[in-house]
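Trainee: I would like to learn how to read a structure like this one, feature by feature. Could we take the features in turn, with the general idea before the case at hand?

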Amino acid sequence: MKKIGIGLLGLGTVGSGVASIINTPLGRHPLVAQLELIGVAVKDLKKKRDLAFSESILTSNPLEVIENPSVQIVIEVMGGIEPARSLIIKAIRAGKSVVTANKAVIARHGYEIANEAKAAGVYVLIEAAVGGGIPIIEPLKQSLGGNQITKVSGIINGTTNYILSRMDKEGANYDEVLKDAKDLGYAESDPAADVEGLDAADKIAILSGLAFGGPIKRSDIPVKGINCLKSKDVDYAKRLGYVIKLLAISERNEHQTTTKDSLPLSVWVEPTLVPGEHPLAGVNGVNNAILVEGIPIGQVMFFGPGAGSGPTASAVVADILNIAGIKLMGNSNSNLDPLLSAESWRDCYVAEENKISKKNYIRLITDDTPGVIGKIGTLFGQRKISIESIVQFDASNLEAEIVVITHQITKGQLNEALSDIKNLSEVKDIAASMGCL
Ligand code: NAP
Ligand code: HSE
């Protein structure tokens, strides 16, 4: 069988995992043995590396890899927006299919890249961009294609789930666990992307586009990360039977008026209280889980390691094999497989944040005086917001902490009620507000 030439842009956590699979084909699918590393681009040629291939194919010039006529598939695992975006486009224009794990680029420039790929008749596959080793992109593109998807939600950042799980189970220190996540290769080169929720927002933008058929604007997604989370809220949530997870959610919005051809979606990322018995509550460590809800399938959950060298390389190689298989068939038909190329088929947009509807957890700091809970309850009632529970926690120094869990309401309704509550003389602060499943 013919060899398929692979060009690798990046040899860090993910790139070295990919090289390792390609160089050890035994026991894997026979197509892996047909893959041949032709060129590998890195930033710093002087860095000490334990190479599983000849040093002669290493270069600090990514264009050398892209333009090498023996390279048929280009793997972009460098990270960052530029030069990654330009290099992907250069590879496409050189007639090469691309595999990338770069969610930051795809979330912002996916539409441009898809159009370039369509014009050039090549594939750009992105399985590793969301959920690490979990197959979620191809199932959304192919296996679930017969469904009307209504909601995609889940835990899609491994670093923050690892941090939250260890803090919860071991009482571990935030900075120490974050350092471990970096050492294990889970975190982004700037871990602010993980802890501020930006990486999860990139990923939900990608999942949303595939699930609902059209790209959304990444910058329209409201995002809160775990850097806003207070240990007190983790503790109160636990006492109420919940665990806090960083969730990313995209669902059809029923509150936004819309035109027939354009679908409004509620999309957001924030730390969220998950009931102890919910399937997402038991997803710990670096694991991710994505719940897809659709008609007629109902609910399916995809679970597995969400970051790290081996799992992410597994997803990258799956994409390489998909393209290699097509190349080896020697199909002279230049049309692209419509499921694999996943063209958009509908306009989607992010609905106004005020129209997002969800249950909420609110923590208030108040005077510890009789009647406060009654007054708060009345103000919620006047705004037609029904309350699932209202509990007073630690009362000390004449202060009380009151936690309210609302039923499903829009963000607009919540904001109006909170501005009334803030004006109560007994209320000192709205100390926390986040979603609740
Ligand atoms: P990484 O460990 O920082 O590796 C980046 C690699 O790219 C390094 O080998 C670096 O070279 C090379 N590089 C950077 N800029 C370059 C340039 N201008 N020219 C040539 N080479 C360049 O990053 P990573 O964790 O493997 O992540 C790579 C991508 O995969 C990112 O988009 C990330 O978001 C995504 N991803 C990562 C994971 C994960 O678990 N880590 C999971 C899913 C997706 P040097 O070796 O010389 O520094
Ligand atoms: N930094 C990312 C995470 C890598 O922790 O989920 C996987 O995309």
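Mentor: Let us begin with the contacts of a ligand, keeping in mind that this is a predicted model. A polar contact here is a pair of N or O atoms within 3.5 Å, and in this model a backbone N or O atom of glycine 158 lies 2.7 Å from an oxygen atom of ligand 2.

Trainee: Which side chains have an N or O atom that close to an oxygen atom of ligand 2?

Mentor: Lysine 103 has a polar side-chain atom 2.5 Å from an oxygen atom of ligand 2, and for asparagine 157 the distance from a side-chain N or O atom to an oxygen atom of the ligand is 3.4 Å. On its own, ligand 2 exposes 250 Å², and the protein buries 94% of that.

Trainee: Which residues surround ligand 2, and how do they divide by class?

Mentor: Among the residues around ligand 2 are Lys103, Asn157, Gly158, Tyr186, Glu188, Asp194, Asp199 and Lys203, and by class the shell holds three nonpolar, four polar and five charged residues. Helix 6, residues 158-170, and helix 9, residues 198-212, each contribute at least two residues to that shell. As for its place, the space that ligand 2 takes up is the largest pocket.

Trainee: Where does ligand 1 sit, and which residues are closest to it?

Mentor: Ligand 1 also sits in the largest pocket, where 25 residues surround it, the closest being Asp44, Lys47, Arg49, Glu188 and Gly308. The shell of ligand 1 divides into 11 nonpolar, eight polar and six charged residues.

Trainee: What polar contacts does ligand 1 have with threonine 13, valine 14 and lysine 47?

Mentor: A polar backbone atom of threonine 13 is 2.9 Å from an oxygen atom of ligand 1, and a backbone N or O atom of valine 14 lies 2.8 Å from an oxygen atom of that ligand. Lysine 47 takes part through its side chain, with an N or O atom 2.7 Å from an oxygen atom of ligand 1. Of the 900 Å² of accessible area that ligand 1 has on its own, the protein covers 84%.

Trainee: Now for a sheet: in what order do the six strands lie, and is the pairing parallel or antiparallel?

Mentor: Strands of a sheet pair through backbone hydrogen bonds, either parallel or antiparallel. Here six strands form an open sheet with parallel pairing, in the order 3-2-1-4-5-6. Strand 3 (58-59) and strand 6 (124-125) stand at the edges with a single partner strand each, so one side of each has no neighbour in the sheet. Strand 1, residues 4-9, pairs with strand 2, residues 35-41, over six bridges, and leucine 9 has alanine 41 in strand 2 as its bridge partner.

How values were computed: Residues numbered from 1 in each chain as written. Chains lettered and ligands numbered in written order. Predicted model: local features only at pLDDT ≥ 70, side-chain atom pairs only at ≥ 80, totals over all residues. Heavy atoms only, no water. Near = heavy atom within 4 Å. Polar contact = N/O pair within 3.5 Å; in protein donor to acceptor, adjacent residues only side chain to side chain. Areas by Shrake-Rupley, 256 points an atom, 1.4 Å probe, with all protein chains shown as cover. 1 Å grid on protein atoms, 1.4 Å probe; cavity = no way out; pocket = protein on both sides within 12 Å on 5 of 7 lines; lining within 4 Å. Sits in = over half its atoms within 2 Å of the grid points. Helix = DSSP H or I, 4+ residues; strand = E, 2+ residues; numbered from the N terminus. Nonpolar A, V, L, I, M, F, W, Y, C, P; charged D, E, K, R; others polar. Pairing = 2+ DSSP bridges.
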